[in-house]
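The account follows the model itself.

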Amino acid sequence: MEVAPPLFSPAAEDFSSLLRRQGLYPAAPQIHGGPQANLPHTEATTILAFKFEDGVLVAGDRRATAGNVVVYDRADKVLEIDRHSLMAIAGVPATAWEMARVLEHSFQFYRRSQLQEMSLDGKVRALSKLLRDNFGFVMQGVGIVVPIFATYDAAGDSARLYFYDAMGAQFEAADYAATGSGSPSVRSVLYYENTWGKKALRKMTQSEAVITALRALDTAAEADTATGGVDRRGKSYPIIKIVSKSGITTLPEKTLAAIYKTKIK
């Protein structure tokens, strides 16, 4: 009596691997005539955001990886969506950047057609819908994006911060959020600073907030190889942007270099 092979392998595998094993999905391409192998997709890694006294600081390292290979060390993971909204990306940058473009055009179209800004709920749910629409690619093991969304709500006169899961569920963060491969280290640093530091995150000045963000990313880079640290010779520093009532401010690399040299190491 023959026993049919199990549908699911005991070993961990993604949905595309299951389809390949059942002969329902094209086999992985051959590389240089060698054995078949899965091509690792490019991923962006660690991002963080937290509220401070003037608004929300959003930061990210610059490294993009594919498996154990560093693809790029100047990736922009903090993207401006409109005059008061930022989207930080962790996951597959090709998918995330396309989501950011769609979101930006959606906000522009609404503003020009309705002659007013889209509501806060509308902005937050628009990103949630893009993530839900992308879930098919996530189930295939490609295209996963786990973003952070920060904005300044003019109607409520307050900074707002949201993070998402890969299925599009949205969660509002009270103080801080972090996603990506280095996020456990980042959350530990932010929790410590917020709970036992000299000042709670919400009471920090902009200078103090920037120093805290740089220290958190530097800690993550020490523990996680996929998180890029600071390259002084290449003059590559994390990207930090601030969204406040007056709009979005991007900190120049010269400012970050001076802070890193005097306050971090």
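V210 is in contact (heavy atoms within 4.5 Å) with L57, I240, L251, L256 and I259, leaving aside residues up to four places away in sequence. The model is predicted: local features need pLDDT of at least 70 and side-chain atom pairs pLDDT 80 or more, while totals for chains, interfaces and linings use all residues. Residues are numbered from 1 along each chain as its sequence is written, and side-chain values use heavy atoms, without hydrogens or water.

V210 is also among the residues with the most contacts inside the largest nonpolar core, together with L48, F50, L57 and I240. A nonpolar core here is a set of buried (under 20% relative accessible area, 1.4 Å probe, protein chains only) Ala, Val, Leu, Ile, Met, Phe, Trp, Tyr and Cys residues joined through side-chain atoms within 4.5 Å. At least two residues of this core come from each of β2 (47-52), β3 (55-60), α5 (183-196), α6 (206-223), β12 (239-244) and α7 (253-264). The greatest contribution is that of α6, with eight residues. Helices are DSSP runs (H or I) of at least four residues, and strands (E) of at least two.

| Core | Residues in core | Residues included |
|---|---|---|
| Largest | 27 residues | L48, F50, L57, V210, I240 |

The lining of the largest cavity includes L214, L217 and Y260, and α6 supplies its largest share, three residues.

Definitions and conventions:
Buried < 20%, exposed > 50% of the residue type's maximum accessible area, 1.4 Å probe, protein only. 1 Å grid on protein atoms, 1.4 Å probe; cavity = no way out; pocket = protein on both sides within 12 Å on 5 of 7 lines; lining within 4 Å.
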